Amino acid sequence: MSTRETLSNNSKPLQGLGLIFLIGFMGSGKTTLGRKLASKMGYEFIDLDHKLEQQVELSIAEYFSFFGEDSFRKLESEILKKTTYPENAIISTGGGLPCFFDNMDWMKQNGKTVYIKLAPKTLADRLENGKEERPLLQEKHGEALVAFIEQKLAERESFYSQANIVADGLSLTADRLEQILNVKAT
Ligand code: S3P
């Protein structure tokens, strides 16, 4: 069954692009670009990290410190799969989400996945100032931060690269992303 048939429930043809999942490493711009893109396209924007925080009434950093990463991974997968989605939406996902359980397959079965790809050094520059809310990056600076990102990205690349669309994240804008989607996601 094709994605469109899955989403349209076989009765009503889909109007629009359906569910677009933005994936990629922390700092790749999923949330910022996703929010702008959704507003341009008139689609709902859903941030799965934010949904998780609302559900547990804790920040992600707090959740990690109280319950640990394994518990976080189970919960983020559950939220991915149990959220009620509208017909069309731009969905921003946590950087690790595609790499656990069958989350990547689930997203591909239920929509289109877009990997926003950036080099480790660029990610490190962007992340140097946004580490407090990201438990995996706390205490890492400079060269140690770059080395950590290089290693994690190498582990995750085989998941990220299964995306339907790989977009170069450098100077990527919402306009450009919309163009890419109109050509490749229809
Ligand atoms: C994580 C990325 C974060 C958040 C958590 C773990 C990761 O989301 O889900 O801190 O494993 O890469 P962002 O990619 O939105 O920062």
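Helices (H or I, at least four residues) and strands (E, at least two) are DSSP runs, numbered from the N terminus.

I note that this is a predicted model, in which local features need pLDDT of at least 70 and side-chain atom pairs count only at pLDDT 80 or more, while totals for chains, interfaces and linings use all residues. Residues are numbered from 1 along each chain as its sequence is written.

**Sheet.** I traced five strands forming an open sheet in the order β2-β3-β1-β4-β5, with parallel pairing; two strands pair if DSSP finds at least two bridges between them. The edge strands, each pairing on one side only, are β2 (44–47) and β5 (165–168), and neighbouring strands of this sheet are turned by 25° against each other on average, direction ignored. Between β1 (residues 19–23) and β4 (residues 112–117), which run parallel, I found four bridges, and I saw that I23 stands opposite Y115 in β4.

**A38.** Within helix α2 I looked at A38, which is buried because 20 other C-beta atoms lie within 10 Å (20 or more count as buried, 12 or fewer as exposed, and in between as partly exposed, with C-beta atoms placed from the backbone). Leaving out residues up to four places away in sequence, A38 touches Y43, E44, F45 and I90; the C-alpha atoms of A38 and I90 are separated by 5.7 Å, although the two are 52 residues apart along the chain.

**Helices α4 and α5.** I then turned to α4 (residues 60–67) and α5 (residues 69–82), which pack at an angle of about 125° with their axes 7 Å apart. The two are therefore oblique to each other, given that under 35 degrees counts as roughly parallel, over 145 as roughly antiparallel, 65 to 115 as roughly perpendicular and the rest as oblique. On the α4 side Y63, F64 and F67 meet E69, S71 and F72 in α5.

Note on methods:
Axes fitted to C-alpha atoms, helices over the stretch in contact; angles between N-to-C directions. Contact = placed C-beta atoms within 7 Å.
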